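Thanks, everyone. I'll keep this short.

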Amino acid sequence: MLAGTTLSSPATLASPDFTVEAPATGQKFRLAEARGKYVALHFLLKTECPVCLRHTREHHRRSAEVADLLPVFLKPDAAEEIKAWTGKLGEEATSQPVIYRDPDAGLAKQFGIPDGYAFHGQTVHFPALVLLDPEGKEVFRYVGKHNGDRLGFDALTAKLAELRAAAPRK
């Protein structure tokens with residue numbers, strides 16, 4: 001049983017376009033350029049978070065199993081902190097996940113991710129995953145109740161299968 005809060009009722013409007021940048025690589029992600037794919041926005045915690053490291057490694061490593069799924073990992077830390085944290089992922093530079101900066105958790109706030117979670121002496125937003133469909137509409141979200149409460153990759157792929165089965169045929 002999942003401990004976090006889930007929402008699976010489809011949104012009626014597409015999410016507003018946004019662009020985020022990865023401090024370690026300078027790479028940019030723009031939502032409008034991801035149309036046609038499911039986008040999994042992973043709102044990671046601010047500060048040092050070993051659970052975030054494991055979660056990011058698993059989702060990044062296994063994302064190749066789903067051709068139309070694009071994971072987007074977001075942290076609200078300062079650019080230098082994200083660069084250092086990215087180095088702790090322990091992957092070769094060519095296969096490391098890209099970690100994008102969400103300055104002051106602005107995107108997390110835009111998506112209504114609740115804050116108020118006390119973690120390492122700071123108050124931060126809760127860990128969350130927001131899934132956008134190929135048109136950019138939010139179709140599912142999972143908000144964890146604590147640091148270790150994350151949506152695993154198998155649960156995400158099961159949710160994708162459920163959404164695909166329920167989608168109207170074109």
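Predicted model: local features only at pLDDT ≥ 70, side-chain atom pairs only at ≥ 80, totals over all residues.

Let's begin with Asp 17.

Where does Asp 17 sit? It lies in the loop between β1, residues 5-7, and β2, residues 19-21. Ala 32 is 15 residues away along the chain, yet the C-alpha atoms of Asp 17 and Ala 32 are 5.8 Å apart.

Now the side chain of Asp 17. It reaches the backbone nitrogen of Ala 32 at 2.8 Å. It also reaches the backbone nitrogen of Leu 31, at 3.4 Å.

Is Asp 17 buried, partly exposed or exposed? Its relative accessibility is 35%, so it counts as partly exposed. The cut-offs behind that are under 20% for buried and over 50% for exposed.

Next, Thr 86. This residue belongs to helix α2, residues 79-87. Thr 86 has 5% relative accessibility, and therefore counts as buried. What does Thr 86 touch, beyond residues up to four places away in sequence? The list is Ala 24, Gln 96, Pro 97 and Ile 99.

On to helix α1. It covers residues 50-62, which is 13 residues. From first C-alpha to last, α1 reaches 18 Å, close to the 18 Å expected at 1.5 Å a residue.

Which residues of α1 are buried? They are Val 51, Cys 52, Leu 53, His 55, Thr 56, His 59 and Arg 62. What do they pack against? Two helices are on the list, α2 and α4, the latter at residues 153-166. The strands are β4, β5 at 69-75, β6 at 99-101, and β9.

How many cavities of 30 Å³ or more turn up in a search of the whole structure? The search finds 1. The volume of the largest cavity is about 70 Å³.

Its lining runs as follows: His 42, Phe 43, Leu 44, His 55, Pro 127, Ala 128, Leu 129, Tyr 142, Gly 144, Asp 149, Arg 150 and Leu 151. Two elements give two or more residues to that lining, namely β4, residues 38-43, and β9, residues 128-132. By class, the lining has 7 nonpolar, 3 polar and 2 charged residues.

One link before I stop. His 55 is among the buried residues of α1, and His 55 also lines the largest cavity. Over to you.

How values were computed: Residues numbered from 1 in each chain as written. Heavy atoms only, no water. 1 Å grid on protein atoms, 1.4 Å probe; cavity = no way out; pocket = protein on both sides within 12 Å on 5 of 7 lines; lining within 4 Å. Points joined across faces, edges and corners; volume = space filled by probe spheres on them. Helix = DSSP H or I, 4+ residues; strand = E, 2+ residues; numbered from the N terminus. Nonpolar A, V, L, I, M, F, W, Y, C, P; charged D, E, K, R; others polar. Buried < 20%, exposed > 50% of the residue type's maximum accessible area, 1.4 Å probe, protein only. Contact = heavy atoms within 4.5 Å. Expected span 1.5 Å × (residues − 1). Polar contact = N/O pair within 3.5 Å; in protein donor to acceptor, adjacent residues only side chain to side chain.
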